[in-house]
Amino acid sequence: MPLSGVVITLNEADRIGRCLASLAGLCCEMIVLDSGSTDGTGEIAQAYGARVVQQPWLGFAAQKNAAIAQATQPFVLLLDADEWLAPDGAEAIRVLFADATVEQADVWRLHRRTHFLGTTLDHGGWGREPVDRLFRPGLRYRPAQVHEAFDLAGRRVRALDARIEHDTARSDAEYAAKLHRYAQLWAQQRHASGRRASAWSAPLHALAHWLKNYVLRGGFLDGGHAHRYHALHTRYVNDKYRLLRVLGTG
């Protein structure tokens, strides 16, 4: 199909094959923008038929924009290296292109299901998380250090019942460190835009997050490591506002 599969990577040798295998049957080209992997990621990607381009790290939004700029097809399907397109998702995209329905929108919003250390998270807001991943190559992410999002002004956006699977962590410690880095970037970004946090912001936002996702949205129903996953995210929310408070009072 006239579709560019695009992925950004850094030392993803253990995951890139699964990601690209899910794209190979759909995309007439696959592009991996790598930021200096030393574990053989590039060689594995090439073995799956991807074109590998080296680009020093620019930040999440800018790196993805650079990857999108490499696409040559009328539509782009963008995945992270720790994601893969579910078989039913691939079939939904085939149908979308088969009758040219794909042309009815500039952005197609898929849904993503997260897995954490072997536990599938079907509840708590993580079973059908909306993500904008199938789009025309003219789109770009707005400048952001973390939690990047497209500039959708004037764009036609439609939902597609296609699932992306997301295996979010190799280990508990790795994921905790990742969330802490994200919290730092979020706080710096918000502080630079003039946002401030009160002494109560961190505990109140963290409590609201826990009640909303683990209790009201049924995150506890997933069992396994779901409790730990939601605990880490609750701590992440607390860290975001605590760090923002520190920046505002420093």
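**Notes on the predicted model**

1. A network of salt bridges links K64, D80, E83, R112, E129, R133 and E148, where a salt bridge is a side-chain nitrogen of Lys or Arg within 4 Å of a carboxyl oxygen of Asp or Glu. The structure holds 23 salt bridges. This is a predicted model, in which local features need pLDDT of at least 70 and side-chain atom pairs count only at pLDDT 80 or more, while totals for chains, interfaces and linings use all residues. Residues are numbered from 1 along each chain as its sequence is written, and side-chain values use heavy atoms, with hydrogens and water left out.

2. R113 forms a salt bridge with E165 (2.7 Å, N to O) and another with D122 (3.3 Å, N to O). E165 lies in strand β9 (residues 157–167) and R113 in strand β6 (residues 107–116), so the pair ties together parts that are 52 residues apart in sequence; strands here are DSSP runs of E with at least two residues, and helices are runs of H or I with at least four, numbered from the N terminus. Both E165 and R113 are buried, whereas D122 is partly exposed, at 42% relative accessible area (buried means under 20%, exposed over 50%, partly exposed in between, with a 1.4 Å probe and protein chains only).

3. E91 and R94 also meet in a salt bridge (3.6 Å, N to O), and, being 3 residues apart in helix α4 (residues 87–98), they are separated by about one helical turn.

4. L216, in helix α6 (residues 201–216), is exposed, with a relative accessible area of 73%.
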